[in-house]
Amino acid sequence: MKKLLGLILIILTISCTQQNKYSLKSPERKLRMEINNDLGNIEFQLVYSGDTIFNHSPIGLMVDSIDFTSDVLISDFEESTFDDTWETVNGKNKFVRNHYNQYSFVLNKPTMPDFIYRLIFRCYDEGFAYRYVLENKTLDSIRINKEVTELKFSNDFSYWAYNDEQPNLGPLNRADSSLVKVQIPTVIEFRDDLFLAIHEAEINRYAPFSLNMGGKDLDIKLNLEATADQSYLKTSWRTFMLGNHAGDLLESDLLVNLNEPCKIEDTSWIKPGKSLWDWRVWGYKAADGFEYGLNTVSHKRFIDFAAENNIQYLLIDADWYGPEFSSESDPTQAREGIDIQECMAYAKGKGVGVILYLNDVGAKKFGLERVLRQFSEWGAAGVKYGFMLGTWEEKVRQTRSVVELCAKYKLMVDFHDHPVPPSGDRRTYPNLVTKEYCHAQADAMRSYFPETAVTSAFINMVAGPLDYTNGWFDLNNAQSRVRVFEEIPGTVSAEVAKLIVVYSGWMVLPDSPEEYLKKDDLFDCIRKMPPQFDSYDVLDGKIGEYICVARKAGDGWFVGALTNRDSRTLDLKLDFLDKRQKYQATVYSDTKETHFLDNKESYMVNAIEVTNRDKIDLYMAPGGGCAVYIKKILE
C-alpha cells in the first residue's frame with residue numbers, strides 16, 4: 001500500500017509540474033519565441049531585438065473537423081541545434097551558413113488517440129519557421145481543412161504583397177484596409193528600422209497559402225486549400241524573415257536553409273549564365289537588311305554573337321515546334337524552317353548552350369519524360385516551361401515532377417506564366433534556376449514602369465530568383481516588333497543596372513545583337529558580367545523608391561542602382577573594397593537630360609581610379625539607374 005501511494009504521489013507530482021511554457025531563442029539571441037500550452041491551448045509569441053512582433057497567437061490546423069489550437073497537451077518535447085556551412089550551386093551567395101535552434105512537440109488530442117500531430121519550430125537570427133508533420137496509424141488518409149493560426153500583431157503596419165503579373169499591392173496601411181486576401185511573399189514595415197516578410201519554404205506537394213489582411217483587428221490569418229494525403233503528411237515551412245532594413249530580407253538565406261540538401265550527385269552540368277532570346281526580336285530589321293524570324297538562320301546569328309560576347313546560352317521560345325497551345329504541336333519535332341539538330345550542333349561548336357521552350361499542353365499530350373529525353377538527346381542545356389494548367393496543388397506536384405525529370409536528363413529549367421512561388425527549392429534541385437514570379441518587362445502584352453522595378457525587387461525577390469528579361473537597349477522602337485506590344489518606359493543605364501539588382505540563374509537578354517553593338521561601350525558592362533555572381537549585398541534602398549546592390553565577381557565588383565520616377569543621387573561608399581588595393585571604377589549612368597519617357601537612350605560612361613576610402617556619386621535620372629564595374633588595378 002505504501003509503495004502504491006508513493007507511485008501515485010510521483011505521478012501526481014509529474015502531472016502538476018508538467019512544463020507548459022517554452023522559450024526558444026535564436027543562436028545569437030536576437031529572436032525569441034515563447035510557446036505556451038496553458039489551459040490546453042497552444043499559442044506562441046514572437047520578440048525580435050526587444051520588440052514584440054506579435055502577441056499570444058493560436059497556432060494549428062483544422063484536421064477533419066478537429067481544431068488543434070485548443071484542448072491539446074504537449075508531449076515528446078525535443079530540443080536540438082544545428083550549425084553548418086554549405087556551398088551553393090545556384091545561389092545569391094557562394095557559401096551559406098545554416099545555424100538554428102529547434103523545438104519539436106507532439107500535440108495530443110484526447111479525441112484522436114491514434115493520431116500523431118507534430119509541430120516543429122526553427123529559430124534563426126534572421127527569422128523563424130514552423131511546419132506540421134501528421135501521421136495516422138489507423139486510417140488510410142489525413143485531411144487538412146484549413147489552418148487556424150491567427151497572428152496577433154502588437155502594432156499597426158504598412159504592407160506590400162506579390163500580385164501576379166501586375167504591379168505589387170502596396171503600400172497599404174493594415175488598419176485602413178478592408179478585408180482582402182493577399183499572396184506571398186508579403187512584406188511588412190512596422191517602422192523605418194523594422195521589417196518582416198511572410199513566405200513559405202519547401203513548397204513541393206501542397207498548394208501555397210495566402211493571407212487574410214485588413215478588417216477590424218490587427219490579426220493576419222493563413223488561408224490553405226483543403227488537402228488530403230495518405231497516412232503521412234508533412235506541410236511546407238511557414239517562414240518569417242526579419243530585419244532592420246528592407247534589404248535584410250533580400251539577403252536572407254532562410255528559405256534555402258529550410259530545404260533539403262542537394263539531391264543531384266553530379267552538379268557539374270548546372271551552369272547559370274546569360275542568355276540571348278529570340279522571342280522579342282522577331283521582326284527586327286538590321287542595317288544589313290537581315291530580318292529576324294523564327295528560323296535556324298536567325299538562331300545561328302544569335303549564337304555567333306553569344307560566342308563572341310561572353311554569353312552562355314540562346315533561348316528559343318514558343319512556337320518552334322508549332323503553335324504552343326495546339327494539342328497537335330509535337331515538341332519532339334521542329335516546325336518548318338527550323339532544323340533543331342543543326343542548330344544544336346552549331347551552338348555546341350561555338351561553346352553556346354541552347355534552351356528550348358516547352359508548353360504544358362505539349363508536355364502532357366506527348367509525354368513529359370519522352371519530350372525531355374528527346375531534348376537531352378538533341379543536346380539542349382535547359383527548358384523554359386510555360387503555362388502550366390491545373391489546381392494549385394496539381395501545379396505544385398507537376399512542378400516537382402518537371403524539376404526531377406529535368407535533373408534526370410541533365411536539363412536546367414525556368415518556369416513562366418503564373419508559376420508556383422519560388423521557395424528555396426533550388427537548394428535541393430539546383431537545376432531549377434529561375435521563375436517568372438514577377439511581371440517581366442513587356443510580358444502579358446504590356447509594359448511596366450520604373451516604380452514596379454524598385455518595388456518588386458524588394459517584394460518578389462524575397463521568394464527567390466526571378467526571370468525579369470532585363471537588358472533592353474532599343475527602348476525607342478522596340479514596340480514595332482512582332483512580340484512587343486507597348487512602348488517600354490525606362491533608360492538604357494537602368495536596364496544594365498537591373499541585371500545586377502535582380503538575382504536570377506539565367507539573365508535573359510531580350511534585345512537584338514545589333515542594338516547591343518550600337519551602344520557597345522554600355523554593353524561592355526554586360527559583356528564583363530560573370531555567368532554567376534559570388535554575393536548579394538543591399539547597400540541602400542527604400543521599397544518603391546530606390547535600391548542599390550553590390551555583387552562580388554571574383555576579384556571585382558558590380559554595383560547596380562535603380563530609382564522610381566524621381567531623379568536622385570546616391571553616395572556610393574566603397575568601404576567594401578580591399579583597403580590594400582587600387583581599383584578602376586567604370587560608371588555607366590544616365591545623363592542630366594535622360595528621362596524614362598522622353599530621352600531613354602541617353603547615357604554616359606566614365607572611368608576613375610578609386611580606393612576603399614572613396615565614394616562615388618551615382619546619378620539616376622527620373623525612372624533611371626546606374627551601373628558600376630570595379631576591377632583591381634594590377635601593378
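Good morning. I begin with arginine 483, which is partly exposed, with a relative accessible area of 23%. The model I am presenting is a predicted one.

The partner of arginine 483 is aspartate 319: the two form a salt bridge in which the closest N and O atoms are 3.8 Å apart. Aspartate 319 sits in the loop between strand E24 (313-316) and H5, while arginine 483 sits in the loop between helix H9 (450-459) and helix H10 (492-501), so this pair ties together parts of the chain that are 164 residues apart in sequence. As for burial, aspartate 319 counts as buried, at 13% relative accessibility.

How many salt bridges does the model contain under the rule applied here? The count comes to 38. I shall discuss two others.

One of them joins arginine 238 and glutamate 200, with the closest N and O atoms 3.7 Å apart.

Glutamate 393 and arginine 397 form a salt bridge, the closest N and O atoms being 3.2 Å apart. Both residues are in helix H8 (residues 392-408), four residues apart, which is about one turn of the helix. Glutamate 393 counts as buried because its relative accessibility, 18%, falls under the 20% cut-off. Arginine 397, by contrast, is partly exposed, with a relative accessible area of 26%.

Let me turn finally to helix packing. Helix H4 (residues 296-308) packs with helix H5 (residues 340-350) at an angle of about 10°, and their axes are 10 Å apart. Angles under 35 degrees count as roughly parallel, so H4 is roughly parallel to H5. Which residues make the contact? On the H4 side they are Thr296, His299, Lys300, Ile303, Asp304 and Ala307. H5 contributes Glu342, Cys343, Tyr346, Ala347 and Lys350. Sorted by class, the contact between H4 and H5 comprises five nonpolar, two polar and four charged residues.

H5 also brings us back to the opening pair, since the loop holding aspartate 319 runs between strand E24 and H5. Thank you for your attention.

How values were computed:
Residues are numbered from 1 along each chain as its sequence is written. This is a predicted model: local features need pLDDT of at least 70, side-chain atom pairs count only at pLDDT 80 or more; totals for chains, interfaces and linings use all residues. Side-chain values use heavy atoms; hydrogens and water are left out. Axes are lines fitted to C-alpha atoms, for helices over the stretch in contact, and angles run from 0 to 180 degrees between N-to-C directions. Helices (H or I, at least four residues) and strands (E, at least two) are DSSP runs, numbered from the N terminus. Angles under 35 degrees count as roughly parallel, over 145 as roughly antiparallel, 65 to 115 as roughly perpendicular and the rest as oblique. Contact means heavy atoms within 4.5 Å. Ala, Val, Leu, Ile, Met, Phe, Trp, Tyr, Cys and Pro count as nonpolar, Asp, Glu, Lys and Arg as charged, and the others, Gly among them, as polar. A salt bridge is a side-chain nitrogen of Lys or Arg within 4 Å of a carboxyl oxygen of Asp or Glu. Buried means under 20% relative accessible area, exposed over 50%, partly exposed in between (1.4 Å probe, protein chains only).
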